[in-house]
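Welcome! Please take a look at the sequence and the fold below, and then let us walk through them together.

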Amino acid sequence: MTAQPDESGPGSGGGPMAALRERCAPLSFAPLPGFATAAPGGPGWIPIARIVDPGDPTLDRLLDARRDRPPGPRAVHTLRDLVRELLFATAGSVYLFGAAPPPSPSRYLVRVGPGGIEDRLLVVDRASVRDRELAPAFVGTLAPLVELVGERTRVGSRTLWSYVVDMLHFGMMNLARQLGRDRAEAWQRAEALAGHLFEAGLPRRSAPALVRYGATDDQVWGVRGACCLDFTDGTHGMCLTCPVLDAEERARKWAASDLAGRG
């Protein structure tokens with residue numbers, strides 16, 4: 001089934017992004033932020049605009065919570081905690097509806113508690129836009145954060161930016177898998193969005209690739225553009241999506257996975 005834009009739009013009725021929340025509600029994996037039409041005034045909420053201020057302590061606090069881990073996982077997992085929900089909401093909205101709300105550093109917030117990030121919130125106070133208009137807002141929101149995480153951890157921008165591009169691809173792929181849709185078409189849709197992001201200034205470091213494991217449409221999955229370096233912590237091996245994994249071992253991992261068919 002081809003993923004066609006839904007003309008009802010992600011913000012139609014029932015509050016911001018109601019259609020996206022409804023579509024994702026029955027899924028086993030759909031990490032969405034909260035949505036609101038204005039920034040909350042309660043304690044603990046911090047916009048990305050403040051986190052990327054070099055004098056703000058929030059990012060260092062989050063990184064220090066992982067100070068015993070190797071630099072790669074420390075950087076990537078901290079970035080994931082901050083923006084995974086934003087990435088999935090953007091990917092899901094683009095994939096399902098053809099457009100997404102343009103983010104900004106002041107319209108994406110996290111609530112930080114004693115144990116780390118507890119909630120994420122995307123302020124949706126304007127209409128969703130399509131790829132070409134979305135891309136500059138998306139890149140402008142993430143660029144200062146990626147730069148600061150790299151500076152504080154000395155993890156290269158190739159790894160960090162590739163994580164962003166990878167997660168957009170896997171967000172759409174996971175939706176296709178769970179909804180029983182064509183995975184390759186979802187991947188192509190993610191590639192189209194990524195093309196606009198590159199045009200908008202996202203560094204073209206590396207890109208994920210689609211790998212086919214069999215003859216049927218559901219026997220495909222992705223390989224990341226850059227390794228997340230989880231295997232360097234001594235407890236994780238290389239995962240199915242790791243670009244460092246050799247083809248023979250990847251095929252074995254695929255055979256042992258539950259990714260074939262609907263999940």
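Which residues lie nearest the centre of the largest pocket? They are M167, R224, C228, C239 and T241, from a lining of 28 residues. Before going further, a word on the source: this is a predicted model, in which local features need pLDDT of at least 70 and side-chain atom pairs count only at pLDDT 80 or more, while totals for chains, interfaces and linings use all residues. Residues are numbered from 1 along each chain as its sequence is written, and side-chain values use heavy atoms, with hydrogens and water left out.

**Pockets and a cavity**

A pocket is an open set of points on a 1 Å grid over the protein atoms alone, with protein on both sides within 12 Å along at least five of seven lines; a cavity is a set where a 1.4 Å probe fits but cannot get out, and lining residues have an atom within 4 Å of a point. A volume is the space filled by probe spheres set on the points, which are joined across faces, edges and corners. Ala, Val, Leu, Ile, Met, Phe, Trp, Tyr, Cys and Pro count as nonpolar, Asp, Glu, Lys and Arg as charged, and the others, Gly among them, as polar.

| Space | Volume | Lining by class |
|---|---|---|
| Largest pocket | about 550 Å³ | 18 nonpolar, six polar, four charged residues |
| Second largest pocket | about 160 Å³ | five nonpolar, four polar, three charged residues |
| Largest cavity | about 40 Å³ | five nonpolar, one polar, two charged residues |

Helix α4 gives the most to the lining of the largest pocket, with six residues. Helices and strands here are DSSP runs (H or I of at least four residues for helices, E of at least two for strands), numbered from the N terminus. The lining of the second largest pocket includes R61, D81, G113 and G116. Two or more residues of that lining come from each of α3 (58-64), α4, β3 and β4.

The structure holds one cavity of 30 Å³ or more. Among the residues lining the largest cavity are V76, Y163 and R224, and α6 gives the most to this lining, with three residues.

**The sheet**

Four strands form an open sheet with mixed pairing, in the order β1-β4-β3-β2. Two strands pair if DSSP finds at least two bridges between them. At the edges are β1 (34-36) and β2 (45-47), each of which pairs on one side only. From one strand to the next, the twist averages 35°. Strands β3 (residues 108-113) and β4 (residues 116-123) run antiparallel and are joined by six bridges; G113 has G116 in β4 as its bridge partner. Helix α4 (residues 71-97) packs on the sheet, touching β1, β3 and β4, and its direction makes about 35° with that of β4. Such angles run from 0 to 180 degrees between N-to-C directions, with axes as lines fitted to C-alpha atoms, for helices over the stretch in contact.

T141 is found in helix α5. Is T141 buried or exposed? T141 counts as buried because its relative accessible area is 2%, where buried means under 20%, exposed over 50% and partly exposed in between (1.4 Å probe, protein chains only). Leaving aside neighbours within four places in sequence, T141 is in contact (heavy atoms within 4.5 Å) with I48, P103, S104 and P105.

R154 lies in the loop between α5 (131-153) and α6 (157-179). R154 has a positive phi of about 65° although it is not a glycine. With 81% relative accessibility, R154 counts as exposed.
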